Amino acid sequence: MALTREEKIEKILLLEEKQRRINENRLALYKPYPKQKEFHTKGATFRERLFRAGNQLGKTMSGANEVAMHLTGKYPEWWEGKRFKNPVRLMAGSESAELTRKGVQRLLVGPPEDRAAWGTGAIPKACLVDWSMRSGVADALASLTVRHTSGGNSTLQFASYDQGRTKWQADTLHGVWFDEEPPSDVYSEGITRTNATMGPVILTMTPLFGMSEVVRRFIPPSTNDRADICMTIDDVDHYTPEDRARIIASYPEHEREARIKGLPSLGSGRIFPVTESSITVEAFPIPPHWPIIGGLDFGYDHPTAAAKLAWDRDNDVIYLTACYKKRGADLANLGIAPTVAHAAAIKPWGPIPWAWPHDGLQHDKGGGEALADQFRKQGLDMLEEKATHPPKEGDNEGSGGNSVEAGIHDMLDRMQTGRWKVFAHLAEWLEEFRLYHRKDGKIVKEFDDAISASRYAYMMRRFARVAQNKRKPDMSKVFRR
């Protein structure tokens, strides 16, 4: 039966009312991607969080929804992150007043230029109590008063980095949200304002400034109170494969890693300027006739790392097939002997020869025993001498030196010519590969443990042997290449 005119009008009004209620309570509709949920969940245990992501992937949306939850006390059933039971005082901002208005304010409140639509952002309209305007910037908010489920009111202050650190010298805060990377002094001020409450300090950004002082707080994390979460264009579903390809092609090549993967833009400072896809392969069974060798990089405050290489001699291709990283200090704090734990973790890789660096000759401060000997006692087949490059024809073993630059040059040459491949699941090695860089022309010797281990193994590849051959190599008759 056809609807009457009055019934049609009533139906339209009902649909409009339904849409209005949806628009004014968008917080209830927020359904995060797995990486976004990981970012939120880590707030329960980590005070400082960095959410690195490419452009237009949802990082700012994540920050806005979390801030809205803290301001209102409205947490969804799936929420496992930080919770506030009472009203809070927060601060949020971005690089400039204009960008704060267009990004942070818009996503929290609604279109800045349309006050009738305020309440269509992450903060439900029913929770907006009052606001004050910022002078000198059209439609820009200075603060918000937000109703909390406990019955009181929360406060949100807006600020921008171009105002300087003094603007961020507010009273005690329960939390701070930086959208895009702040100067280090502004970030430090944000932390200071939350020291009394130990509240969350969150940073959502695309790292276009490279390995800055702020980024280096998180990569690698120097304390157990910082978390680094990275979301790439492949972690979101709102782009089709065709869209992804067009977006990637639209960015300048030197910015692509930052804008689509959230990786710090290293520019000309990157040591391995090759695409990840050009060196990764899916794992496969290693043919039994390929020689194998392992490399160790010793550490305590920084991780001890191990890498396993397989050498396809017929085609002269090196394959990185296994990787391990663990800080000795973390194991010691658990009452576990680091050397014992490291050796136990890599023994299952098989009876392979192990290359090691010059610091393997250093003595342990406790037992007075050389590090290489400690691993040897744990059953690893440590090579007799420290890692060196192959000697020239007629020279003695060990005369090739241990130049880092020479090793890096060889590895890069192999990557560029398709002769260095990495099993795609080795995330720890690949993370170092993405961030390995120079500063002022010098290699930054941090967060390079797995790469160093693989370099030592590569330097000593002349001692690699097939898995079935458990005899120690004859150092005087090794195959040099």
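What follows is a short exchange on the cavities and their linings.

A: This is a predicted model, where local features need pLDDT of at least 70, side-chain atom pairs count only at pLDDT 80 or more, and totals for chains, interfaces and linings use all residues. Residues are numbered from 1 along each chain as its sequence is written, and side-chain values use heavy atoms, with hydrogens and water left out.

Q: How many cavities of 30 Å³ or more are there?
A: The count is 4. A cavity here is a set of points, on a 1 Å grid over the protein atoms alone, where a 1.4 Å probe fits but cannot get out. Grid points are joined across faces, edges and corners, and a volume is the space filled by probe spheres set on the points.

Q: What volume has the largest cavity?
A: About 80 Å³.

Q: Which elements supply at least two residues each of its lining?
A: Helix 3 (59-72), strand 2 (89-94), strand 6 (175-179) and strand 7 (201-205). Lining residues have an atom within 4 Å of a point, and among them are Glu66, His70, Met91, Trp177 and Ile202. Helices (H or I, at least four residues) and strands (E, at least two) are DSSP runs, numbered from the N terminus.

Q: And the second largest cavity, what is its volume?
A: About 60 Å³. The lining of the second largest cavity includes Arg101, Gln105, Arg134 and Phe158.

Q: Which helix gives the most to that lining?
A: Helix 4, with 4 residues. Helix 4 spans 97-109, and strand 5 (153-160) also supplies at least two residues.

Notes:
On a 1 Å grid over the protein atoms alone, a cavity is a set of points where a 1.4 Å probe fits but cannot get out, and a pocket is an open set with protein on both sides within 12 Å along at least five of seven lines; lining residues have an atom within 4 Å of a point.
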